[in-house]
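Subject: Handover of a structure and notes on its features

Dear colleague,

Please find below the structure that I am handing over to you. My notes follow it, and I would be grateful if you read them with the structure open.

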Amino acid sequence: MTNNNWQQQLQTNGFFKVSGLIPDDMIRDLQQKSAAVIANCTDEHRASVKSNGTMCNLAKLPQFVDIFCYPPILDILKQAGGTDIRWTAGYLISKPAGGSPLFWHQDWWGWDDAISYDETAVQLFVMIYLSETEAGNGCLKAIPGSHLKQHEL
């Protein structure tokens with residue numbers, strides 16, 4: 001997939017997918033770090049984010065800093081049109097099988113600002129799956145084009 005294709009998909013759909021970017025050894029390291037963090041979550045914390053599964057703020061987990069500034073991810077964001085790339089927030093989310101569903105939502109908060117309706121994305125996020133994920137076991141479902149308008153869901 002070329003950068004022009006990424007830009008086009010981002011503009012049209014609001015997302016694009018890249019597979020195989022992170023080497024297996026780095027994925028295994030992230031899996032081990034994630035498992036340790038999740039194992040240390042308190043019952044109180046789990047109850048507070050029940051519909052999300054387990055959700056931990058990465059700003060409090062410096063062991064993940066390498067993935068925030070991983071050059072291949074930053075390069076792809078630049079190739080997709082990113083001009084002022086900065087990390088603002090991140091979460092480690094673990095949703096075990098059979099858990100509560102995560103309801104439809106939009107992560108963007110600025111619908112009252114005209115910039116929300118510009119064709120150029122003002123905010124992007126990177127999702128990294130640490131296990132095989134597909135429609136049958138709970139991958140993210142996105143509504144193409146919903147980045148440009150509020151959706152009834």
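In these notes, two residues are in contact when heavy atoms of theirs lie within 4.5 Å. The model is predicted, so local features need pLDDT of at least 70 and side-chain atom pairs count only at pLDDT 80 or more, whereas totals for chains, interfaces and linings use all residues. Residues are numbered from 1 along each chain as its sequence is written, and side-chain values use heavy atoms, with hydrogens and water left out.

Two further conventions will be needed throughout. Helices (H or I, at least four residues) and strands (E, at least two) are DSSP runs, numbered from the N terminus. A residue is called buried under 20% relative accessible area, exposed over 50%, and partly exposed in between, with a 1.4 Å probe and protein chains only.

Helix α2

Helix α2 covers residues 24-39, which makes 16 residues. From its first C-alpha to its last, α2 reaches 22 Å, close to the 22 Å expected at 1.5 Å a residue; the expected span is 1.5 Å times one less than the number of residues.

Which residues of α2 are buried? They are M26, I27, L30, S34, V37 and I38. These residues lie on the same side of α2 because they cover an arc of only 100° around the axis, where the arc is that of the directions from the helix axis to the C-beta atoms. As background, an α-helix has 3.6 residues a turn, so residues three or four places apart point the same way. On the other side of α2, the residues D24, D25, Q32 and A39 are exposed.

The buried residues of α2 pack against α3 (43-48), β1 (54-57), α4 (65-68) and β2 (91-94). One of the residues in helix α2 is S34, which counts as buried at 5% relative accessibility. Apart from its neighbours within four places in sequence, S34 is in contact with F64, L92 and L130.

Strand β1 and T54

T54 lies in strand β1 and is buried, at 5% relative accessibility. Beyond its neighbours within four places in sequence, T54 has contacts with I38, C41, H45, R46, V49, L92, I93 and S94. With R46 there is also a polar contact between the two side chains, at 3.1 Å. A polar contact is a pair of N or O atoms within 3.5 Å; within protein, one must be able to donate a hydrogen and the other to accept it, and residues adjacent in sequence count only if both atoms are side-chain atoms.

Aromatic pairs

How many aromatic pairs does a search of the whole structure find? It finds two. Rings of Phe, Tyr and Trp (its six-membered ring) pair if their centres lie within 6.5 Å; planes under 30 degrees apart count as stacked, over 60 as edge-to-face and the rest as tilted.

W6 and F16 form a stacked pair, with 5.6 Å centre to centre and 20° between the planes. This pair links distant parts of the chain, for W6 is in helix α1 (residues 3-13) and F16 is in the loop between α1 and α2, ten residues apart. W6 is buried, with a relative accessible area of 8%.

F68 and W87 also form a stacked pair, with 4.4 Å centre to centre and 25° between the planes. Here F68 belongs to helix α4 and W87 to the loop between α5 (71-79) and β2, 19 residues apart. F68 is partly exposed at 22% relative accessibility, and W87 is partly exposed at 39%.

Cysteines

The search of the whole structure finds zero disulfides, a disulfide being a pair of cysteine sulfur atoms within 2.5 Å. C41 is in no disulfide, and the nearest cysteine sulfur, that of C56, is 3.3 Å away. C41 counts as buried at 14% relative accessibility, while C69 counts as partly exposed at 43%.

Helix α5 and beyond

The buried residues of α5 are I73, I76 and L77. They fall within an arc of 100° seen down the axis of α5, so they line one face of the helix. After α5 comes G81, whose phi is positive, near 115°. The C-alpha atoms of G81 and Q8 are separated by 9.9 Å, although the two are 73 residues apart along the chain. Q8 itself is in helix α1 and is partly exposed, with a relative accessible area of 45%.

Finally, E152 is in the segment after β2 and is exposed, with a relative accessible area of 79%.

Yours sincerely
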